[in-house]
Amino acid sequence: MLLKNKVAIITGGSSGIGLATAKRFAKEGAKVVIAGRDQKKGENALKDIPEAIFVATDVQKEADLQKLVAETIKKFGQIDIVFNNAGRISTLEEDITTMPVADFHETMETNFTSVFLLTRLAIPYLLKTKGCIVNTASVLGLKPDMYDPIYCSSKAAIVMFTKTMALKYARDGVRVNCVCPGPIDTPLLRDAYGHDERDLKEGMKRNPMGRMGTSEEVANLVYFLASPEASYMTGSIVSVDGGTALK
Ligand code: NAD
């Protein structure tokens with residue numbers, strides 16, 4: 001129970017990696033605040049997670065993020081952990097001249113601007129608790145994919161933002177780290193493959209371990225980074241990808 005009585009905000013917390021992490025944090029004693037857009041999905045998520053609350057949040061909207069922080073403080077009085085995890089894939093498009101500009105903005109806002117905004121709002125509370133932040137980037141924030149330049153760039157921005165924030169707040173006792181998942185079996189990955197099982201299987205053959213990871217395998221790492229076990233880690237960019245970054 002290393003997270004006993006810690007209060008953790010998780011964006012994109014009602015599915016995939018976010019939900020697995022919410023369950024793991026709760027198992028370790030944390031009080032979890034799940035932030036997501038879909039009320040129904042959020043309420044479903046709460047069924048298995050004691051003491052958790054759901055706050056309807058579109059991370060593209062600053063006002064929603066302000067409400068998320070305000071409701072967390074109102075309910076639990078403090079913030080110890082922020083897991084910036086909500087994300088979307090952009091339209092897979094090789095040709096920059098036909099790439100929709102609106103898609104660029106939506107991807108950057110969802111994946112990166114939201115991390116900047118929530119960090120900004122939560123930091124005064126994290127300074128009080130000597131808390132920590134974990135961000136979800138991607139293996140695609142470390143290496144390029146020519147079909148997905150916007151997603152890759154949004155995730156690379158998270159990597160650098162993690163390092164700058166880690167440097168800034170190291171002496172204040174606030175740690176900031178980042179996970180870089182490879183292919184993980186979640187709705188987001190299945191959407192990217194157009195729900196085509198055969199394509200997905202073929203794609204996974206290129207992974208050094210030959211398979212997708214599970215959300216729980218990522219949650220194990222997020223939990224470790226958020227726990228006191230990682231007390232000397234800040235600014236770390238840690239892959240959890242079955243070796244994808246090696247190729
Ligand atoms: P997922 O689809 O289960 O989770 C993404 C969550 O983000 C969803 O709950 C979605 O509703 C939420 N979200 C998207 N836009 C939002 C918005 N504007 N406001 C609030 N919530 C929003 O997929 P996942 O794979 O668990 O994704 C979690 C994170 O992991 C994402 O940042 C994703 O980019 C990253 N990631 C996933 C993989 C993978 O293969 N699955 C690989 C690398 C990185």
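1. A polar contact is a pair of N or O atoms within 3.5 Å; within protein, one atom must be able to donate a hydrogen and the other to accept it, and residues adjacent in sequence count only if both atoms are side-chain atoms. With that in mind, look at Asp 196: its side chain reaches the backbone nitrogen of Asp 199 at 3.1 Å. A polar atom of the Asp 196 side chain also lies 3.0 Å from the backbone nitrogen of Arg 198.

2. A word on the source: this is a predicted model, where local features need pLDDT of at least 70, side-chain atom pairs count only at pLDDT 80 or more, and totals for chains, interfaces and linings use all residues. Residues are numbered from 1 along each chain as its sequence is written, and side-chain values use heavy atoms, with hydrogens and water left out.

3. Where does Asp 196 sit? You will find Asp 196 in the loop between α6 and α7 (197-205); helices here are DSSP runs of H or I with at least four residues, and strands are runs of E with at least two, numbered from the N terminus.

4. Now turn to helix α3 (residues 62-76). Its buried residues (under 20% relative accessible area, with a 1.4 Å probe and protein chains only) are Asp 64, Leu 65, Leu 68, Val 69, Thr 72 and Phe 76. Seen down the axis of α3, these fall within an arc of 140° (taken from the directions from the helix axis to the C-beta atoms), so they line one face of the helix.

Terms used: Buried < 20%, exposed > 50% of the residue type's maximum accessible area, 1.4 Å probe, protein only.
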